[in-house]
Amino acid sequence: MDEIQLSKDQLSHLKMAFDAFDHDKKGCISTDMIGTILGMLGHEISSEELAEIIAEIDVWGTGELKFEEFCKLGSRFLEEETDIEAIQQELREAFRLYDKEGNGYITTDVFRDILHELDDALSPEELDMIIEEVDIDGSGTLDFDGERSCVVHRC
């Protein structure tokens with residue numbers, strides 16, 4: 001990773017995001033998830049731009065990114081002055097807005113609605129795939145601080 005300059009904090013946060021989508025611990029994530037990851041991190045980009053970026057990073061066209069490739073991609077979207085604590089606080093507050101009953105969790109149906117609001121181009125199959133990725137235990141719920149919502153917590 002000589003060509004990109006990332007701080008330890010930035011590398012750590014990229015690693016957490018990467019690990020959240022590498023449930024099988026294969027050391028790679030599907031390029032299909034990149035748009036979702038970027039969207040969850042607050043970066044809305046067009047599908048054309050996303051395709052160009054992925055083609056640039058996934059030069060062999062494998063459909064998967066290793067951590068180094070993910071860092072190369074992620075470095076384009078990181079800002080040095082990003083305050084991770086502030087982002088986590090914003091996420092926590094947004095989570096509470098959707099947790100209307102104050103149970104400390106949201107259902108995967110609510111999460112599906114959130115994802116659809118973030119990207120209305122996602123097909124029902126893509127939404128199912130994302131839900132399956134984040135609801136590891138199949139409980140049908142996601143909580144902010146617990147294991148079930150590692151993707152929300154690790155953003």
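Helix H1 (residues 8-21) packs against helix H4 (residues 67-75) at an angle of about 120 degrees, and their axes are 10 Å apart. Because of that angle, H1 is oblique to H4; angles under 35 degrees count as roughly parallel, over 145 as roughly antiparallel, 65 to 115 as roughly perpendicular and the rest as oblique. The contact (heavy atoms within 4.5 Å) is made by Leu 11, Leu 14, Lys 15, Ala 17 and Phe 18 of H1 with Phe 67, Phe 70, Cys 71 and Gly 74 of H4. These residues divide into 7 nonpolar, 1 polar and 1 charged; Ala, Val, Leu, Ile, Met, Phe, Trp, Tyr, Cys and Pro count as nonpolar, Asp, Glu, Lys and Arg as charged, and the others, Gly among them, as polar.

This is a predicted model, in which local features need pLDDT of at least 70 and side-chain atom pairs count only at pLDDT 80 or more, while totals for chains, interfaces and linings use all residues. Residues are numbered from 1 along each chain as its sequence is written, and side-chain values use heavy atoms, with hydrogens and water left out.

A second pair is H6 and H7, which pack at an angle of about 125 degrees with their axes 10 Å apart. That angle makes H6 oblique to H7. On the H6 side, Thr 108, Phe 111, Arg 112, Leu 115 and His 116 take part, and they meet Pro 124, Leu 127, Asp 128, Ile 130, Ile 131 and Val 134 in H7. This contact has 7 nonpolar, 2 polar and 2 charged residues.

Helix H6 (108-118) and helix H7 (124-134) also each supply at least two residues of the lining of the largest pocket, as do helix H2 (34-40) and helix H3 (47-57). The lining residues divide into 9 nonpolar, 7 polar and 4 charged.

Note on methods: Axes are lines fitted to C-alpha atoms, for helices over the stretch in contact, and angles run from 0 to 180 degrees between N-to-C directions. Helices (H or I, at least four residues) and strands (E, at least two) are DSSP runs, numbered from the N terminus.
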